[in-house]
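Hi,

Here is the structure I promised to pass on. Have a look at it first, and then read my notes below.

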Amino acid sequence: MTIHKLKSCIVSAFQINWNHFKSKLLLRYALSYILIFLIPLTGVTMFVYDSAVNGLRSEIELSNINQLNQVKMNIDSRIAELREISGRIAYDRRLTPYMVHDSYYRVEAIQALANYKANNSIIEDIFLYYHNDPVIYSYRGLTNVNVAFDTFYRYENWRLEDIIVALNETNQMVIRPAENVTINSSRQEAMLTVIVPIKPNAPYPYGSVIYMVKESNLTGVMDSMLSDFTGSSYIFNQNDEVLTANHHGVSLSQEHLGTLATLDAGIHNLSLNNDMYSVVSVKSLENGWNYMTIMPSYQFFSRVAHVQTLILLVFGIAVVTGVIAAFVLARRQYHPIKDLMEFAKLRVSDAPEPKTRNEWEWIRQTIHDYSARINMQEPFVRNQCMLLLLKHGKPDDPEIERMIAGAGLETPQEQVIYFCVILSWEEADGAEDFQNERQQIQEILGHVEPTGLHANIYGVEFSADNQFALIVSLPDPGQDSLKIRVEQIIRAVQSLISENTRLVPSMGVGTPYRDLGQLNQSFIEAATALEHRMVGSSRITYFDQLAEQNYPVPKGVWLPRKSLLKLEQSLKQGNESVTVQIIAEMMETIRSEPQQIHLLRCICFDLLNALLRTASEVGMNEAFSNISDYTSFETLEEFKDKLLSLSTEICQKVERNHERAAPKLIDDIVHYVNQQFADYTLSLEHVALKFSVSTSYLSRSFKEKTGISFSQYIWKRRTEEVIRLLVTTSAPLKEIIEQVGYLDAPNFIRKFKKETGLTPGQYRKQHRSNRLDI
C-alpha cells in the first residue's frame, strides 16, 4: 500500500504542462535543485565509502611499495654483482688472453670461470669471449662461438650474426630482455642475456663476459618478496622494454605495456581494457630500471560491498525525494524569468526567438546588442568614422568596418552611390549672431533622409574653419538619372537650411562614386570645387563643371584642368594617398596618348607647374632652389619619381604648418588620453585622427612631452588605475582589468607580474596587509 501511494505521488508530481520544459533554463533550475538535495547526502556517503576503500587501497599500495623497494634492492645488488664479477675477471691473471689460449694454463682458467659462476645464484651460465676470436670459453670448457649460440643456445629472436656483432662491438653493459632460448635442441627456457665488456667502463674493451640468467630466477625473487595478490609484476629497463614479467591472472597487451613503461615512480590508477587497475611503481637510481606491480581495483572494493549496498539504498530515496521537490520549485522560480523575457521582447521588437540558448543568455545578448546599437549612434564615434572615410578612404580594419555597417553606410543588398558635399560660410557669417544658426545647421544635417529621394545624408565636422562636410549615399539610379538625382538632393539640402536658418552657405559637390573606399576622392573634389567656385548668384559648384570654365582644346593635348585642380587641393590638405593616386592616373593618361617629344615635355611641365604653384602657396620656397633637378629628366618614369618625391615634401610641409599652428595641441592630447585611457578602442591612430595630425608627428611629439611612447603611457595609466582599485576596492580582478580597458586578462597579468614582481592577487594581498599593519 505504501509503495502504491509513493507511486501516485510521483505520477502527480510529473503531471505538469510539458511545454514548460522546452526551456533549457527551466530544466537547469530543476537540475540545480536536484543537486542541492543530492550533493550534501552524496558527499557524506561518498566520504564514508571512499574512506573505507581508500584506507584499504593505501594499506595495500604502501605495502606493495615497500615490497617493491625490497625487490629493487635485491635485484639491483644481483646485477651489481654481475658487473663486479666482470671487473674481477678483467683483472684476474688466470683469465688473460695469454693464459686462456695457452693449452697448459687453460684448465686453470676454465676452473676460475666455474668458481665465478658458483658465487652468484642467478647465473645459469657464464662465457668469456675475446674480440675476433672464433673460440668462446665457459666453465665447462671452450667451444666455437657458432656452436655455443647456434647449437647449445639458440635464441628465438636473436640471430647468430647479430650475437657475434654484439660480442665484438659492445662497449657498455647490455641486458637483453627475456626471450625463449632453445637449450641443446631439447628444451626451451625464458632467459635474459647480460653482456659486460671487459675491462668495464674502458673506452676500448678487448672482450666480453656473457651471463645467461633464467627469467624464473628474477621472477622468483619478486614472488618471494611480494604478497600473494591477483595481478602481474614487471621490470622495465631504461629503454622502457620489458626485461621480465610475472603474471598472476592479469595479462596486458603490448600497447598497454607501453603505457605502463612511461609512468613515473609512485601510485597510479589506470583504465585498461575498460577495467580499473592500481599500479605501483618504483625506480632504481643505479640502473634506471622500473619495478612495477599491477592489480585490479576490484580487489579493494570487494571487502566493502555491504557499505555500497547501503549507499545505493539511501541514494535512491534521496533521488526520488529531490526530483519531486525540484520540479515543483523550478516551476515557481521560472515565472519571473519568463516575465522578464516578455518585457525584453517588448523593448526590442526585432529580437530573435531563443533557439539553442537559454532565456538568461538571450536576455543578456539582447540587452548587449541593444546597448551596442545605441553606442554606435553616438555622435562622436560616428563623426570619427565619417572623418576617417573622408580623409583616408575605407581602411582594412574590422573595427572600422563594423562601425561603418552600424552607421548604415553600406547595404550589401543593393548597389550604392556615394559623394561628398562641403558647406562653407563667408567671413561675414562668422559674427556672433550667426554662431547659433551654424550650430543648428550642423545638428539638423547630422543625419537626414530627404523625403522621396531614398538618400541618406550624414554631417561630419572637420578641422577646417567655417566648413561642414556632408556624406551622401543613395541607391544607384543609373548613369542617365544620376546627375538629376544629385541635383535634387542638393536642392533638398538648400531648402532644409533655408527653412530653419538665415544662412546661405556655399557648396562644393564632389563626383559620385560606387565604391565607399573612393569617398576621400569625392571629398578632395568637393573642396576643389568650393575653392574654385564661380562668383555670381549661384552658391553651388560641381566639380564636374570646372572643366567647362576653360576654352576647348584639342583632345588629348593638355591634362584636364579639373584633374590639376583636384591635385592642387589634395596637396593643400596634405593628403598624400590621394595625391599619389592622382599623379599615377595623370601619368597613365600621358602614356596612353602618343605625342611629339616636345609637346610631351610641355604637358609634363604643366603638371610640374601645378605642384610648384602649390608649393609656393604653402610656403615651401626651397623647392624653387632645386627646380633644375625637377626639369631634367629622360623618361616618364624618372619624371614620375620626381613628382612623387616633390608631392611627399609638400604634404609634409602642410603637416608641419598644421603642427606649428597649434602649439598647445600636444597638451590637449595628453589631457584627452588621461581622460580616455580606459577606453579599449583608444589607439595612436584614433587619437591622430581626432586631432587631425599624422601618427608619426603624434608619436614623436607625445614621447617628447611625456618621456615615454604612447603605448607605454597607456600601459602606465592603466596599471596605476589597476593598483588603485586593487588596494582600495574588493572588486574581482577580471572586472578591474576590463574596467581599465584591457580585454586580455591573462596577458595583462603576465605583464603586471613582469613589471612588479607580483601577480595582481599577490599585490592586493601584500599591500592590504601593509595598510592593516600601519
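Tyr-713 is buried, with a relative accessible area of 11%; buried means under 20% relative accessible area, exposed over 50%, and partly exposed in between (1.4 Å probe, protein chains only). Before going on, a word on the source: this is a predicted model, where local features need pLDDT of at least 70 and side-chain atom pairs count only at pLDDT 80 or more, while totals for chains, interfaces and linings use all residues. Residues are numbered from 1 along each chain as its sequence is written, and side-chain values use heavy atoms, with hydrogens and water left out.

Back to the rings. Searching the whole structure turns up 16 aromatic pairs. To count, rings of Phe, Tyr and Trp (its six-membered ring) need centres within 6.5 Å; planes under 30 degrees apart are called stacked, over 60 edge-to-face, and the rest tilted. One of the pairs is Phe-127 with Tyr-153, edge-to-face at 5.9 Å centre to centre and with 85 degrees between the planes. Phe-127 sits in strand β1 and Tyr-153 in strand β4 (residues 153-155), so this pair ties together parts that are 26 residues apart in sequence. Helices (H or I, at least four residues) and strands (E, at least two) are DSSP runs, numbered from the N terminus. Phe-127 and Tyr-153 are both buried.

Tyr-713 has its own partner: with Phe-702 it makes an edge-to-face pair, 5.2 Å centre to centre and 80 degrees between the planes. Phe-702 belongs to helix α25 (residues 695-706) and Tyr-713 to helix α26 (residues 710-728), so the pair ties together parts that are eleven residues apart in sequence. Phe-702 counts as buried too, at 0% relative accessibility.

Ring pairs also link Phe-127, Phe-149, Phe-152, Tyr-153, Tyr-155 and Trp-158 into a cluster.

Two rings have a charge over them (NZ of Lys or CZ of Arg within 6 Å of the ring centre and within 35 degrees of the ring normal). Arg-717 lies over the face of Phe-677, 4.4 Å from the ring centre. Lys-751 does likewise over Trp-715, at 4.4 Å from that ring's centre.

Now for the cores. A nonpolar core here is a set of buried Ala, Val, Leu, Ile, Met, Phe, Trp, Tyr and Cys residues joined through side-chain atoms within 4.5 Å. The largest has 39 residues, and Ile-75, Ile-89, Leu-95, Leu-128 and Tyr-211 have the most contacts inside it. At least two residues come from each of α2 (24-90), α4 (106-118), β1 (123-130), β6 (187-198), β7 (207-214), α7 (215-225) and β11 (275-283). The largest share, nine residues, comes from α2. Apart from neighbours within four places in sequence, Ile-75 is in contact (heavy atoms within 4.5 Å) with Leu-218, Val-221, Met-222, Ile-235, Trp-289 and Tyr-291. There is also a second, separate core of 32 residues, with Leu-611, Tyr-630, Phe-633 and Ile-650 among them.

How many disulfides are there? The search of the whole structure finds zero, a disulfide being a pair of cysteine sulfur atoms within 2.5 Å. For Cys-604, the closest cysteine sulfur is in Cys-602, 9.3 Å away and too far for a bond. Cys-604 is buried, at 1% relative accessible area, and Cys-651 is buried at 2%.

Asp-544 is in the loop between β18 (540-542) and α17 (561-572), partly exposed at 39% relative accessibility. Beyond residues up to four places away in sequence, Asp-544 touches Thr-511 and Lys-562. Gly-266, in strand β10 (residues 266-272), contacts Val-279, Val-280 and Ser-281, leaving aside neighbours within four places.

For the overall picture, the protein has 29 helices and 18 strands, and buried residues make up 43% of its 774 residues.

Cheers
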